[in-house]
Amino acid sequence: MSAGGPIVVKIGGSTLGDEDTTLEDVVALRARGERVVVVHGGGAMITDWLDRLEVPSVFIEGLRSTSEEALDVVIGVLRGVVNTRFVAAIERLGGSATGVSGVDGGLVRARRSDERLGFVGEVTGIDGEALHALLEGDATPVIAPIGLEPPGQPLNINADTIAGEIARAAGAGSLVFLTDVDGVLDGGGALIEELDASGAAALREEGVLDGGMIPKIDAALRAAERGVVAHVANGRLPHTLERIASGEAPGTRVRS
């Protein structure tokens, strides 16, 4: 399924359940010689820690505004807690993983796009040399969604967006968004098995495509422009990633 390119998989940042097989699949695929890149989120844990530390969570049009104080929490949770847990879990399963953020090696370049959102960034580019070094290493890269605004300002970035840009830059064979739903659903709640740009635009116009699914589909369509086949599928079902890598198409497949 990877068609010679790596498999980029985006996994939610909350603690994986006992029955989750995603990281088992990552280890098994790597053992077979597939190159796999993991990008993770962590929004729920960030909210939890902000609440614990009594740092206000401010949302503007559905997006988290990140103050300087909140940014320290974002970096600590994503790079320190969530990333380390993913790496440790892969090692525990017999694999090898390297945890990085988009700041390391200047991997993900970014800029602030809306002053109302504070230290939230949009991706302006992926450093090819840094990405190549990760892909050619023996360990599975596990990437926390923090970007670097030159010359040295870390920014909070949507993990789906980073996954899509990594897939584009890497010439990925496939891009997989693992969620807690079966895929993209239509207005009646039925699964849409295949989706293209025009179909996505229609769903958005109808208000069916909303919330956290929007950045996933936007990132999928961006990757599809480079020939990457993207999937949005339920990561809570057994071996969803393995099935996709083997050529099955559970969930929604997104094409250009």
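N234 lies in strand β13 (residues 229-234); helices (H or I, at least four residues) and strands (E, at least two) are DSSP runs, numbered from the N terminus. This is a predicted model, in which local features need pLDDT of at least 70 and side-chain atom pairs count only at pLDDT 80 or more, while totals for chains, interfaces and linings use all residues. Residues are numbered from 1 along each chain as its sequence is written, and side-chain values use heavy atoms, with hydrogens and water left out.

N234 is in contact with T179, D180, V181, D182 and T240, leaving aside neighbours within four places in sequence. Contact means heavy atoms within 4.5 Å. A130 is placed in helix α4 and touches G105 and L107, not counting residues up to four places away in sequence. A130 and E69 are 61 residues apart in sequence and 29 Å apart in space, C-alpha to C-alpha.

Two residues other than glycine have a positive phi: E54, with phi near 60°, and H239, with phi near 55°. E54 is in the loop between α2 (43-52) and β3 (58-60). H239 is in the loop between β13 and α8 (240-245).

The table gives the relative accessible area of these residues. Buried means under 20%, exposed over 50%, and partly exposed in between (1.4 Å probe, protein chains only).

| Residue | Relative accessible area | Class |
|---|---|---|
| N234 | 10% | buried |
| A130 | 16% | buried |
| H239 | 33% | partly exposed |
| E54 | 73% | exposed |

**The sheet**

Strands of a sheet pair through backbone hydrogen bonds, either parallel or antiparallel. Here two strands count as paired if DSSP finds at least two bridges between them. Eight strands make up an open sheet of mixed pairing, in the order β5-β8-β2-β1-β11-β13-β14-β12. The edges are held by β5 (97-101) and β12 (194-195); each has a single partner strand, so one side of each is left without a neighbour in the sheet. Helix α3 (residues 68-92) packs on the sheet and touches β1, β2, β5 and β8. The direction of α3 makes about 165° with that of β5, where axes are lines fitted to C-alpha atoms, for helices over the stretch in contact, and angles run from 0 to 180 degrees between N-to-C directions.

Within the sheet, β1 (residues 7-11) runs parallel to β2 and is joined to β2 by five bridges. I7 stands opposite V36 in β2.

**The hairpin**

Strands β9 (residues 146-149) and β10 (residues 153-156) are antiparallel and pair over four bridges. I146 faces N156 in β10. The two strands, β9 and β10, form a hairpin with three residues between them. P151 lies in the loop between β9 and β10, and the peptide bond from P150 to P151 is cis, with omega near 5°.

**The cavity**

A search of the whole structure finds one cavity of 30 Å³ or more. On a 1 Å grid over the protein atoms alone, a cavity is a set of points where a 1.4 Å probe fits but cannot get out, and lining residues have an atom within 4 Å of a point. Grid points are joined across faces, edges and corners, and a volume is the space filled by probe spheres set on the points. The largest cavity has a volume of about 40 Å³. Its lining consists of R30, R35, V36, V37, L134, L135, G137, A139, T140 and P141. Elements giving two or more residues to this lining are β2 (36-40), α4 (128-136) and β8 (140-144).

Note on methods. 1 Å grid on protein atoms, 1.4 Å probe; cavity = no way out; pocket = protein on both sides within 12 Å on 5 of 7 lines; lining within 4 Å.
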